[in-house]
Amino acid sequence: MKLAPGPFDLPVQALIGALITSPDGAEIGIVRNLRLSVHSRDEVGFLLVLNTGAEILWRDPEDYVIHLQGPSQ
């Protein structure tokens, strides 16, 4: 998974509200929650919980793209 171009000095909470898309541009969902996924002492990742109910592990090798969006008003 990769981040869309933009500023990267952000806290992890900045991912809330971000749009996740597939390589062909299809919208997968919007990040609604973050969870820490600990598999072992050396294997930690973020679980992105989407508004669709899907969950994507940040370290997945898939080519998803995270589009950071400004705060909602």
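From the N terminus on, the order of elements is β-β-β-β-β-β. This is a predicted model, in which local features need pLDDT of at least 70 and side-chain atom pairs count only at pLDDT 80 or more, while totals for chains, interfaces and linings use all residues. Residues are numbered from 1 along each chain as its sequence is written, and side-chain values use heavy atoms, with hydrogens and water left out.

**View 1. The whole chain and its confidence.** The chain has six strands and zero helices; both are DSSP runs numbered from the N terminus, with helices (H or I) of at least four residues and strands (E) of at least two. The average pLDDT (the predictor's confidence in each residue, from 0 to 100) is 80, and 79% of the residues score at least 70.

**View 2. Surface and contacts of the chain.** The accessible surface is about 5,000 Å², with 51% belonging to carbon and sulfur atoms; areas come from the Shrake-Rupley method with a 1.4 Å probe, and for residues only the protein chains shown count as cover. Of the 73 residues, 30% are buried (buried is under 20% relative accessible area, exposed over 50%, partly exposed in between; 1.4 Å probe, protein chains only). Among contacts (heavy atoms within 4.5 Å) with a separation of 6 or more, 39% join residues 24 or more positions apart.

**View 3. The largest nonpolar core.** Ten residues form this core: L15, A18, I20, V31, L34, L48, L50, I56, Y64 and I66. Two or more of its residues come from each of β3 (27–40) and β4 (43–50). A nonpolar core is a set of buried Ala, Val, Leu, Ile, Met, Phe, Trp, Tyr and Cys residues joined through side-chain atoms within 4.5 Å.

**View 4. N33 in strand β3.** N33 lies in strand β3 and is partly exposed, at a relative accessible area of 34%. Beyond its neighbours within four places in sequence, N33 contacts I16, L47, L48 and V49.

**View 5. S22 in the loop between β2 and β3.** S22 sits in this loop and counts as buried because its relative accessibility is 12%. Its side chain makes a polar contact with the side chain of D24 at 2.3 Å. A polar contact is a pair of N or O atoms within 3.5 Å; within protein, one must be able to donate a hydrogen and the other to accept it, and residues adjacent in sequence count only if both atoms are side-chain atoms. Apart from neighbours within four places in sequence, S22 is in contact with I28, D63 and Y64.
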